[in-house]
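Here's a quick walk through a few helices and a bit of surface. Have the viewer open and follow along.

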Amino acid sequence: MAKIVIISGGPSKTTRLKGIIDYAYNFLSEKGLTVEELHVIDIPAEDLILAKYNSEAILAANAKVAEADAVIVASQVYKASFTGILKTYLDLLPQKGLENKIVLPLMLGGTISHLLAIDYSLKPVLSSLGAQNMIKGVFTLDTCIERGEDGSTTIEQEAKDRLEKAFTDLANEIKKQTVL
């Protein structure tokens with residue numbers, strides 16, 4: 001069975017980005033795909049900052065990515081780019097860690113001015129890691145996602161439609177690859 005890993009580059013598990021990740025997880029699981037989450041925030045900071053390539057946590061995270069058929073890379077936009085914690089982890093992936101993977105970039109930002117952050121900041125890094133088969137990324141304004149006091153998330157329909165199209169494209173590409 002095809003496996004997808006969602007790499008969350010968010011500095012917290014209680015943000016609107018988590019709402020998008022949960023939505024991706026549920027949508028793709030309902031399609032019969034195996035989905036795992038990899039929250040960079042769970043990797044010890046010392047391992048990330050000191051680039052401990054051989055730490056147990058880094059090796060385990062990299063193994064999840066290596067075993068995946070597809071990878072979703074999700075981040076908020078900070079200073080017109082993806083988060084530093086995500087960059088720190090991506091620096092610790094093997095040089096061709098995304099080779100032969102289907103990759104879907106997702107970004108969440110506070111202003112439409114950051115619409116091109118996927119194309120100008122995230123995609124070049126993903127490409128340098130060997131990603132060649134990238135599904136068109138989705139940028140979502142954080143105002144399209146509402147978090148309830150109970151931790152629930154509501155996503156505006158227009159944003160849901162764009163996310164669902166990307167998730168469907170990802171699932172279809174995975175099916176195509178597994179048939180070959």
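What follows is a short tour of a predicted model.

Start with helix H3, which covers residues 56–67. With 12 residues at 1.5 Å each, H3 should span 16 Å, and its end C-alpha atoms do sit 16 Å apart, so the two values agree.

Which residues of H3 are buried? They are Ile-58, Ala-61, Asn-62 and Val-65. These four take up an arc of only 95 degrees around the axis, so they lie on the same side of H3. The general rule behind this is handy: an α-helix has 3.6 residues a turn, so residues three or four places apart point the same way.

On the buried side, H3 packs against quite a list of partners: strands S1 (3–8), S2 (34–39) and S3 (70–78), plus helices H2 (45–49) and H4 (84–90).

## Helix H1 and what comes after

Helix H1 runs over residues 16–30. Its 15 residues reach 21 Å from first C-alpha to last, close to the 21 Å expected.

Buried residues in H1 include Leu-17, Ile-20, Tyr-23, Phe-27 and Leu-28, and Lys-18 is buried as well. Just after H1, look for Gly-32, which has a positive phi of about 85 degrees.

## A nonpolar patch outside

Now for the surface. Ile-112, Leu-115, Leu-116 and Tyr-120 make a nonpolar patch of about 450 Å². Tyr-120 belongs to helix H5 (residues 117–128). Its relative accessible area is 65%, so Tyr-120 counts as exposed, the cut-off being over 50%.

Conventions: Residues are numbered from 1 along each chain as its sequence is written. This is a predicted model: local features need pLDDT of at least 70, side-chain atom pairs count only at pLDDT 80 or more; totals for chains, interfaces and linings use all residues. Side-chain values use heavy atoms; hydrogens and water are left out. Helices (H or I, at least four residues) and strands (E, at least two) are DSSP runs, numbered from the N terminus. The expected span of a helix is 1.5 Å times one less than its number of residues. Buried means under 20% relative accessible area, exposed over 50%, partly exposed in between (1.4 Å probe, protein chains only). The arc is that of the directions from the helix axis to the C-beta atoms. Contact means heavy atoms within 4.5 Å. Patches are made of residues with over 30% relative accessible area and no salt bridge: like charges are joined within 9 Å, nonpolar side chains (Val, Leu, Ile, Met, Phe, Trp, Tyr) within 5 Å. Accessible areas come from the Shrake-Rupley method with a 1.4 Å probe; for residues, only the protein chains shown count as cover. A salt bridge is a side-chain nitrogen of Lys or Arg within 4 Å of a carboxyl oxygen of Asp or Glu.
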